[in-house]
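Try each task before reading its solution.

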Amino acid sequence: MNVISTRQLTKRYGQTSALRDLNLEVRPGEVYGLLGPNGAGKTTTLRLLIDVIRPTRGSITLFGEPMSPRLRGRIGYLPGDLVLYDRLTGAEYLRFCAAMRGTHDLGEATRLAKRLDLDLDRRAGELSKGNRQKLGIVQAFQHQPGLAILDEPASGLDPLAQREFHSYLREYVHGGGTVLFSSHVLSEVEQVADRVGILLAGSLVVEDSVASLKANALRELTFTFAEPVAAATFQGIQGVRSVNADGTTVRCRVTGAVGELVRTAARFPLLNVTSDEPDLEEIFLHYTGDRGHDD
Amino acid sequence: MTTELVTKSLRDNRSSTIGWGLALVASVALQLAVYPTVRAAAVDFEQLLASYPEAFKAVFNVRQSPGSGVGYLQGEVFGFLAPLVLLGVTIGHAAKATAGEEHAHTMDLLLANPVSRTRLLLGKALGALTDLAIITVVFGAVLVVGSSISGLDVPVSDLLGAVLASAVVVLPFGALALLVGALSGRPGLAVAVPVGLALLTFLLNALTPLSESLKPWRVLSPFHHAAVNDALTGDPNWTGLAGLLVVTGLLVAGAVAAFERREVRS
């Protein structure tokens with residue numbers, strides 16, 4: 001049984017489709033990253049799952065059941081637009097959250113706050129964006145939920161806090177937890193996600209591992225030779241989409257395996273080769289209009 | 001969980017409750033303190049009031065001589081001051097119940113807790129009701145003590161009956177604020193609609209004695225059914241008050257249904 005399962009999940013606002021026929025499966029013990037540019041439907045998906053908005057069509061089950069107040073006890077949630085009660089200190093806020101969940105146990109909250117270097121004695125209104133985000137993360141995990149639904153969780157965190165948070169996520173998953181999170185930062189997804197789904201304009205266009213996504217994405221390889229090499233040398237090689245030769249420098253845009261391209265280049269006096277990591281935008285483009293040209 | 005919601009609501013509204021409460025207590029105490037002076041000059045006041053337009057006297061509930069305790073309280077306390085404060089605190093706090101959280105973008109996290117929407121709304125409503133109860137009790141206490149000191153000569157049971165009727169009459173407006181807030185998620189609208197309706201029905205009830213054409217419509221005014229003036233003379237309209245409680249219950253049920261269906265704005 002999957003922890004999250006959606007069938008034909010659709011959300012429309014008037015004539016605008018925010019989400020179309022989403023079939024999402026998140027397995028127990030995995031970290032699933034939902035990637036996409038702003039407005040792709042990531043937040044809509046997460047808010048539908050947590051039941052603050054209702055689907056136009058389709059169904060959602062969490063732990064095999066439709067959402068209920070009881071089920072929310074097993075879920076931790078961090079909204080993308082995180083707003084806390086400014087007048088409460090971190091400790092007061094976490095006590096309120098615990099009490100809403102029928103407990104007074106702040107053990108996990110205190111441990112995680114310490115780990116993230118968060119001062120719980122300050123009022124939320126006095127905290128920096130990064131520290132407010134830390135408090136949001138702590139409240140999402142303080143009751144040790146079976147499933148964490150996190151909207152842009154690393155947003156505003158400094159690199160040190162990000163690293164600590166990612167390491168906490170890994171421990172959480174090893175301990176049996178499951179995570180669904182959204183992001184528009186590829187490096188974050190790369191570090192923590194087991195699987196990735198890319199949402200574009202309300203549709204899930206691809207679902208894969210990060211490594212596989214990157215391998216299939218359009219990248220640019222730049223070769224520097226000791227003498228000029230003709231562009232035609234590289235045209236027609238498998239995966240090569242375009243070649244641009246400028247004297248001793250040749251730039252090739254390529255998808256998939258680069259073995260044949262590198263072997264061909266190695267036949268010439270090659271001085272250097274660099275590969276640009278594909279950024280998310282290029283991966284997005286690969287799965288949108290450009291896909292037609294590239295494939 | 002409900003206790004937490006009520007406590008949170010009380011804490012959120014603490015300064016507002018204290019502000020409204022102090023305003024009422026200070027005004028009532030002041031009015032009662034000057035009563036002996038008014039009584040001593042009752043004849044002059046009656047002559048002065050006789051020259052006032054009927055509409056003015058109707059709106060400000062000037063019915064009996066200000067020299068009598070009942071007449072004084074009707075005009076100076078129950079006519080305008082008490083409804084204003086009790087409506088203010090109840091509508092203000094009920095409007096914030098769910099719409100305030102939604103407007104502040106804190107509703108997503110609140111709804112992520114293992115608590116049903118019905119329970120959440122009722123917990124918040126109970127918070128607003130507790131604020132009204134606190135102010136009503138303080139109002140009643142100040143009135144009873146102050147009346148005794150100033151020699152108003154109105155039985156305590158009549159005073160408390162009028163205080164109770166004054167509190168009950170604001171309940172439908174508070175429930176309407178809850179309903180509008182649950183439907184719209186907009187605290188401003190949730191204040192404006194019941195305030196507008198309260199003003200309209202207050203004037204309708206107050207001005208009916210001056211106009212035959214208004215009489216058939218008076219039944220629509222909660223103030224008519226609360227009959228605070230009658231309660232102050234020892235004849236409370238229990239049926240009317242019960243009717244107001246029923247209307248309140250129906251409006252709260254509507255608010256629950258609306259909030260259960262509400263699409264929370266992000």
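**Exercise 1. A strand in chain A**

Task: In this predicted model, work out how many residues of strand E8 (residues 178-183) of chain A are buried, and which strands pair with E8(A).

Solution: 

Step 1. Start with burial, where a residue counts as buried if 20 or more other C-beta atoms lie within 10 Å of its own. By that count, six of the six residues of E8(A) are buried, and the strand is mostly covered.

Step 2. Now take the faces one by one. In a regular strand, side chains alternate between the two faces of the sheet. One side of E8(A) carries A:Thr178, A:Leu180 and A:Ser182, while A:Val179, A:Phe181 and A:Ser183 lie on the other; both faces are covered.

Step 3. Look for the pairing strands. Strand E4 (residues 31-35) of chain A runs parallel to E8(A) and is joined to it by five bridges; here A:Tyr32 has A:Leu180 as its bridge partner. Strand E7 (residues 147-151) of chain A is also parallel to E8(A), again over five bridges, with A:Ala148 opposite A:Val179.

Step 4. Follow the chain from E7(A) to E8(A): the path goes through helix H6 (residues 159-174) of chain A, making a right-handed β-α-β crossover.

**Exercise 2. Where the chains meet**

Task: Describe what chain B brings to its contact with chain A.

Solution: 

Step 1. Count both sides: 17 residues come from chain B and 20 residues from chain A.

Step 2. Find the helices of chain B that supply at least two residues each: helix H1 (2-12) and helix H9 (107-111). H9(B) gives the most, with three residues.

Terms used:
Residues are numbered from 1 along each chain as its sequence is written. Chains are lettered from A and ligands numbered from 1 in the order in which they are written. This is a predicted model: local features need pLDDT of at least 70, side-chain atom pairs count only at pLDDT 80 or more; totals for chains, interfaces and linings use all residues. Two residues are in contact if their C-beta atoms, placed from the backbone, lie within 7 Å. Helices (H or I, at least four residues) and strands (E, at least two) are DSSP runs, numbered from the N terminus. A residue is buried if 20 or more other C-beta atoms lie within 10 Å of its own, exposed if 12 or fewer, and partly exposed in between; C-beta atoms are placed from the backbone. Two strands pair if DSSP finds at least two bridges between them. A crossover is right-handed if, with the strands pointing away from the viewer, the path from the first strand over the helix to the second runs clockwise.
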